[in-house]
Amino acid sequence: MNTRAQAYLWFAQRASAALLGFFVLVHLVTVIYAVRNGLSAVEILGRTRGNTPWMLFYLLFVVAVAVHVPIGLRNILAETFSWRGRGLDLIVLGVGLFFLLSGLRAVWAVYAPGAA
Amino acid sequence: MDQTPPPAAGTIEVSVWRSTGPGGVAAGDGRFETFAVPRAPSQTVLDVVTHIQRYLDPTLTYRFACRVGVCGSCAMVVNGEPRWTCRTHVDKVSADGRLEIAPLRNLPVIRDLATDMREFFDKWARARGQFTGSRTRHEAFAVVAPESAERVQVDLGIECIGCGVCYSACDVVEWKRDYLGPAAMNRAWTLLNDVRDDRQRERLAAVAGDAGCHACHTHMSCTERCPKHLPLTAAIAGLKRATTRALLRGEL
């Protein structure tokens with residue numbers, strides 16, 4: 001990976017961290033609200049299904065996670081195990097894709113009308 | 001008014017790292033050897049090492065030159081922290097009357113307390129730490145206003161003496177052997193702010209990426225330990241900003 005790509009990774013991780021700071025705050029407030037008000041799963045799904053702003057918020061949340069986590073993991077693996085090169089990049093790319101697909105599936109599951 | 005402290009009485013127990021193999025061994029090949037050194041008023045750690053070499057064991061190997069904090073030769077790890085030994089008073093680092101003196105971390109040990117500084121200075125070169133101007137002797141001197149923003153940044157970092165203390169204190173250097181380290185990037189930052197230098201794109205490319213400024217975790221050990229109190233972490237942060245701007249403009 002060339003220097004420019006490495007610099008892009010650094011920038012992407014910082015930018016995604018800035019987004020995640022906001023996303024995590026909203027997410028935690030939402031979770032605390034839902035728990036404290038005793039919302040049931042059905043009531044929660046009633047609010048999320050077909051709710052496009054909610055879906056877009058979590059869509060961006062998932063994308064930010066999928067960008068942020070593998071870059072950080074790449075740094076940790078490189079620093080801890082002196083692991084470099086294409087093998088490392090492919091592994092963390094796989095981790096990022098896993099987070100992306102898992103997250104998108106979860107968002108779709110609670111957004112799509114009639115989904116499980 | 002400050003009063004001159006009374007002469008320190010007694011001796012101090014000093015553990016000194018000694019290489020057990022031939023020259024060029026790693027820091028791990030050795031052991032600590034203990035010496036009893038007489039205390040003296042205003043005694044520095046370098047005074048202690050010099051006493052050992054002159055009076056107790058002439059085979060002790062260490063490096064120094066100016067003895068007054070200018071040359072950057074005498075840095076060692078003293079009681080676990082990298083320091084310049086010529087300006088470190090024993091009183092300030094040895095509250096319990098003991099000293100442990102070891103070679104700088106993150107550098108190969110030549111012998112005892114002397115480290116091989118080549119990789120440290122090679123990285124200055126890798127970070128494009130050389131001034132490259134375009135004016136000739138036939139042109140007028142460049143005018144750099146002392147109060148200009150660039151010159152102020154240069155002033156903050158220009159007093160580096162190349163002692164290697166920051167390099168020894170840096171966790172990232174330990175984790176990533178190709179990481180440029182704080183001193184090399186501070187040098188690059190001062191040159192980046194030198195309006196006379198005309199190789200800035202090359203310099204930004206040299207300090208960017210996994211082995212450069214983007215690997216810094218902002219632990220600030222370099223800034224904390226720098227004997228000249230230079231804002232090294234801020235210099236690296238400046239490089240991050242500059243490289244990001246260049247990246248977004250397609251100039252990196």
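Student: In which helix of chain A does A:A78 lie?

Tutor: This is a predicted model. A:A78 lies in helix α3 of chain A, residues 52-81.

Student: Why does A:A78 count as partly exposed?

Tutor: A:A78 has 18 C-beta neighbours inside 10 Å. Buried needs 20 or more, and exposed needs 12 or fewer. The value 18 falls in between, so A:A78 counts as partly exposed.

Student: What is A:A78 in contact with, leaving aside its neighbours within four places in sequence?

Tutor: A:W83, A:R84, A:L88 and B:K176. The cut-off for contact is C-beta atoms within 7 Å.

Student: How far apart are A:A78 and A:G94 in sequence and in space?

Tutor: They are 16 residues apart in sequence, and 16 Å apart in space, C-alpha to C-alpha.

Student: Now chain B. What makes up the side of domain 1 of chain B that touches domain 2 of chain B, by class?

Tutor: Start with the contacts: 15 residues of domain 1 of chain B meet 15 residues of domain 2 of chain B. On the domain 1 side, β4(B) gives the largest share, four residues. By class, that side has eight nonpolar, three polar and four charged residues.

Student: Which residues touch the most other members of the largest nonpolar core?

Tutor: B:I101, B:M185 and B:V207, in a core of 78 residues. Domain 1 (11-115) and domain 2 (118-248) of chain B each give this core at least three residues.

Student: What does B:M185 touch, not counting residues up to four places away in sequence?

Tutor: Its partners include B:A127, B:L180, B:V207 and B:L239.

Notes
Residues are numbered from 1 along each chain as its sequence is written. Chains are lettered from A and ligands numbered from 1 in the order in which they are written. This is a predicted model: local features need pLDDT of at least 70, side-chain atom pairs count only at pLDDT 80 or more; totals for chains, interfaces and linings use all residues. A nonpolar core is a set of buried Ala, Val, Leu, Ile, Met, Phe, Trp, Tyr and Cys residues joined through C-beta atoms within 7 Å. Domain bounds come from an automatic or database domain assignment. Two residues are in contact if their C-beta atoms, placed from the backbone, lie within 7 Å. Helices (H or I, at least four residues) and strands (E, at least two) are DSSP runs, numbered from the N terminus. Ala, Val, Leu, Ile, Met, Phe, Trp, Tyr, Cys and Pro count as nonpolar, Asp, Glu, Lys and Arg as charged, and the others, Gly among them, as polar.
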